[in-house]
Amino acid sequence: MNTDGVDDDLPFGLVVNPFSALGRGKRAAVRTARALAARGVRVVPISGRDAAHCREQLRAATGTGLRGLVLVGGDGILGLVLQVPEARRLPLGIVPAGSGNDFARQFGLPHDPVAAVARILAAESAPRAVDLGVVLLPDPERPGQKREHWFAGGLSVGFDAAVNRRANAIRLPLGPFRYHLALIVEVLAIAPRAFSVRWSRSADAGQDPAGRRAFTGLLATVMNIRAIGGGIPLTPQAEPDDGALDLLMVDACSTVRLLSVLGVLARGRHARLPEVRMERAERVGIEAGSEIAYADGEPVGVGPFEVSVAPGALRLLA
């Protein structure tokens with residue numbers, strides 16, 4: 001135990017997505033392990049052949065005693081770790097090695113493993129308290145019951161979820177350009193969706209504490225950070241430690257108009273567009289029929305979705 005109260009005799013769990021960015025995660029993990037070893041820090045490698053196996057390895061490793069977790073990969077590996085309560089309670093550091101890396105970008109985390117390790121260790125004595133999002137949705141394996149899914153970046157329903165799904169299917173080493181290519185394809189295949197959205201916030205903010213809206217549109221997305229899809233600033237005003245989530249709703253429009261809206265959105269200047277509505281909330285409900293939601297780059301399931309903020313739930317080593 002050092003003077004900062006950190007038990008530096010314990011190892012870090014090194015959580016790796018070996019398939020991140022078509023192998024970049026595995027290469028970055030080797031460099032990360034070397035950087036930690038150079039500083040005298042022991043590691044317990046944690047990986048898996050698939051998401052379920054990786055979660056099993058996480059649960060087993062956290063039971064042996066860890067001082068924290070170092071995640072090597074993109075938003076997907078963070079989303080995976082957040083579903084394991086024992087892991088979620090540990091301090092987390094991130095070495096960005098994915099395609100989008102939107103959560104890491106929010107905090108300006110370095111991609112170089114040596115620089116990332118230095119920042120992680122420097123933050124151990126005072127981890128940053130960061131909000132998380134929690135969504136309740138129907139559990140297909142238990143009819144009539146609900147399951148819980150945690151996310152760090154955002155919950156996408158509609159057009160942006162479709163872009164995410166298409167980007168995940170592109171098996172080329174394009175980095176964030178996968179999302180840009182998927183965006184172009186989805187624009188050509190655009191189809192409006194029916195949404196029913198409600199939101200609420202603390203009454204002491206001096207505003208109407210609740211809202212409700214039914215509309216035909218492109219998306220209804222709840223964000224904890226500013227950007228998704230490799231840096232697309234959906235909610236440029238979002239802060240991940242303010243105890244609130246940012247709700248973005250975009251109405252349906254023609255393909256020609258959509259191109260204009262997306263051009264403005266890509267620059268983060270879309271808040272005043274007539275098709276756009278943005279709200280800050282602590283709780284959001286979304287109904288969108290059979291639309292599949294995505295969170296932190298991975299599919300979550302079909303709603304209705306009940307979303308809430310968990311203030312300061314993540315201890316981030318950043």
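Q: Is Phe215 buried or exposed?
A: First, a caution: this is a predicted model. Phe215 has a relative accessible area of 8%. Buried means under 20%, so Phe215 is buried.

Q: How many aromatic pairs are there in the whole structure?
A: A search finds 2. One of them joins Phe195 and Phe215. Their ring centres are 5.2 Å apart and their planes are at 20°, so the pair is stacked.

Q: Where do Phe195 and Phe215 sit in the chain?
A: Phe195 is in strand E8, residues 193-200. Phe215 is in strand E9, residues 210-223. They are 20 residues apart, and the pair links distant parts of the chain.

Q: And Phe195, buried or exposed?
A: Phe195 counts as buried, at 3% relative accessibility.

Q: New topic: helix H6. Which of its residues are buried?
A: H6 covers residues 113-122, and Pro113, Ala116, Val117, Ile120 and Leu121 are buried.

Q: Why do they line one face of the helix?
A: Seen down the axis of H6, the buried residues fall within an arc of 125°, so they line one face. In general, an α-helix has 3.6 residues a turn, so residues three or four places apart point the same way.

Q: What do they pack against?
A: Strand E1 (12-16), helix H1 (24-38), E3 and strand E4 (92-96).

Q: How many cavities of 30 Å³ or more are there?
A: The count comes to 1.

Q: Which element gives the largest share of its lining?
A: H3, with 3 residues. The lining divides into 6 nonpolar, 3 polar and 1 charged.

Methods. Residues numbered from 1 in each chain as written. Predicted model: local features only at pLDDT ≥ 70, side-chain atom pairs only at ≥ 80, totals over all residues. Heavy atoms only, no water. 1 Å grid on protein atoms, 1.4 Å probe; cavity = no way out; pocket = protein on both sides within 12 Å on 5 of 7 lines; lining within 4 Å. Points joined across faces, edges and corners; volume = space filled by probe spheres on them. Helix = DSSP H or I, 4+ residues; strand = E, 2+ residues; numbered from the N terminus. Nonpolar A, V, L, I, M, F, W, Y, C, P; charged D, E, K, R; others polar. Buried < 20%, exposed > 50% of the residue type's maximum accessible area, 1.4 Å probe, protein only. Arc of directions from axis to C-beta. Contact = heavy atoms within 4.5 Å. Phe/Tyr/Trp six-rings, centres within 6.5 Å; stacked < 30°, edge-to-face > 60°.
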